[in-house]
Amino acid sequence: MRYVPRITSLGGRNYKAEYLLSKGRLFGLEESGGGLRPAYGLSQITVNNIPAAAQGIYFTSHNNLYIYNGGTVYRCTGASNNFYLYASGFTARPSFAECHENGEDFTIICDGGKSVKAQSNTAGPDTCPPVRYAVVHCNRMFGIDTDDARTIRWSEPGDVHGWDAGINGAGYVRLDALRGDISKLTVFDNKLVAVRQYGLTVLRAFGEAESFRVDVTDTVTDGITADTVAVCAGKLCFFTPSGMYCYDGTVKKFEAEGLEGFGDVSCAAACGGYYYAGGKLGGEDVIACIDVNGRSAGYIKAKATCMCGGGRVFFYGDGLYEIVRTAEQGSWESGPCDFGTPSKKFLCSITAYGADTLTVECGGRSRTYSGVNGEVKVGMEGREFSISASCSQHLRSVCAKYAVRG
């Protein structure tokens, strides 16, 4: 799938051939077997009572889907039944801390001022922990102090409701000012990671509190977008205004084929070695589908305002959707293509295999061909072309034959 030029003489013209698949953008497709195949699709959730908007979304390990909107939390049990109002009166987007104590599974939904204990079939008021953005790690609850965004507090061991300070009880640590306020806590590689405005701070917090340790690590970055932080393929992934980064002991810029030009990222989630991020490409709303191990990226044309992941990935945009790894069709788009020269060119033909449709645009003109498995005559003249192809099986090649005008 790399550029392979060749020149042939035909009819007094020097024709060139350029293979284009590696130069374009993938929408719903991924590389496979020397070509492209459908890989990413959307499944719209159409159950009743879906909220009209969302500022937050969360999917638990017990397959319950929550949406937060305007002070109210809604729940869809099993991510398949109708949504219903679950709890109200929140003043900020709450966190969802999954707990297991005394043989009981439950989720603490809290915003630092209000708390609800969510069980399998019931929800009730709860004593609110003095923290925001709570997570459970090593049988304790950790969170950001409600009044001080540089302080991490933790509960007593084995008791997410126990906040009495003591040597082996609840406690806290206040971080330095170098990387700014804490915006999120997450668990990675059996460590608690504080996501801060300008980097990461790692807290080794297991065993007795007296053995807790804050690691000084080389993790200073430009401003981290907290809602893009997700664990994927053994790495902690996130976006800043300068691009995508991964942390696996040190922070490194993540370079992937196809990510060029993608930015304004606002949310992300991970599932099964793939990291999904909602942002913009060429001014249009898209979701980047990033194979972290394969270091390649494709896109879905959709807007995501908030996203969550785990065993499945959901997002809210103009409705509620699930991202699925089965797609009926996808498309490849070349974008503006001048074949490496601003000179006027004559596009003689395009050879493609496996294209359900093939479209060529230039200077306001457009031609579409169906069921392309070979060469189609184009005969268009111009300086810049846009070529696209859709496929439902396996798009194996797109090769343009053209001549540069003298």
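**Questions of burial, bridges and a pocket**

Modeller: Strand β27 contributes most to the lining of the largest pocket, with 6 residues. The model is a predicted one.

Biologist: What is the overall make-up, in helices and strands?

Modeller: The protein has 0 helices and 38 strands. Its C-alpha trace spans about 90 × 50 × 30 Å along the principal axes. Of the 406 residues, 52% count as buried.

Biologist: Back to the largest pocket. How much space lies in it?

Modeller: About 1100 Å³. The lining has 40 residues, and those closest to the centre are Tyr58, Lys184, Leu185, Thr186 and Val229.

Biologist: Which elements give two or more residues to the lining?

Modeller: They are β7 (56-59), β11 (95-101), β15 (131-137), β19 (182-188), β23 (230-232), β27 (262-271) and β31 (306-308).

Biologist: How does the lining divide by class, and how many residues are charged?

Modeller: The lining has 25 nonpolar, 11 polar and 4 charged residues. Tyr counts as nonpolar and Lys as charged.

Biologist: Next, salt bridges. How many are there by the rule?

Modeller: The count comes to 15 salt bridges.

Biologist: What makes Arg196 and Asp176 a salt bridge?

Modeller: Their N to O distance is 3.8 Å. The limit is 4 Å, so a pair within it qualifies. This pair links distant parts of the chain: Arg196 sits in strand β20 (residues 191-196), Asp176 in the loop between β18 (171-174) and β19, 20 residues apart.

Biologist: Are the two partners buried or exposed, and why are they called so?

Modeller: Buried means under 20% relative accessible area. Arg196 has 0%, so Arg196 is buried. Asp176 has 40%, so Asp176 is partly exposed.

Biologist: How do you know that Lys280 and Asp285 form a salt bridge?

Modeller: Their closest N and O atoms are 2.7 Å apart. That is within 4 Å, so the pair counts.

Biologist: What makes Arg405 and Glu381 a salt bridge?

Modeller: The closest N and O atoms lie 2.5 Å apart. The cut-off is 4 Å, so this pair is a salt bridge. The two come from distant parts of the chain: Arg405 from the segment after β38, Glu381 from strand β36 (residues 365-382), 24 residues apart. Arg405 is partly exposed because its relative accessibility is 29%. Glu381 is partly exposed because its relative accessible area is 31%.

Biologist: Now Asp111. Where does Asp111 lie?

Modeller: In the loop between β12 (104-110) and β13 (115-118).

Biologist: Asp111 is buried. How do you know that it has no salt bridge?

Modeller: The nearest side chain of opposite charge, Lys114, is 8.0 Å away.

Biologist: Which backbone nitrogens lie at 2.9 Å and 3.5 Å from a polar atom of the Asp111 side chain?

Modeller: The backbone nitrogen of Thr91 is at 2.9 Å. That of Ala92 is at 3.5 Å.

Biologist: Finally Ser392. Where is it found, and how far is its C-alpha atom from that of Pro38?

Modeller: Ser392 is in the loop between β37 (386-391) and β38 (397-404). The two C-alpha atoms are separated by 6.3 Å, although the residues are 354 apart along the chain. Ser392 has 29% relative accessibility, so it counts as partly exposed.

Terms used. Residues are numbered from 1 along each chain as its sequence is written. This is a predicted model: local features need pLDDT of at least 70, side-chain atom pairs count only at pLDDT 80 or more; totals for chains, interfaces and linings use all residues. Side-chain values use heavy atoms; hydrogens and water are left out. On a 1 Å grid over the protein atoms alone, a cavity is a set of points where a 1.4 Å probe fits but cannot get out, and a pocket is an open set with protein on both sides within 12 Å along at least five of seven lines; lining residues have an atom within 4 Å of a point. Grid points are joined across faces, edges and corners, and a volume is the space filled by probe spheres set on the points. Helices (H or I, at least four residues) and strands (E, at least two) are DSSP runs, numbered from the N terminus. Buried means under 20% relative accessible area, exposed over 50%, partly exposed in between (1.4 Å probe, protein chains only). Lys and Arg count as positive and Asp and Glu as negative; His and the chain ends are not counted. A polar contact is a pair of N or O atoms within 3.5 Å; within protein, one must be able to donate a hydrogen and the other to accept it, and residues adjacent in sequence count only if both atoms are side-chain atoms.
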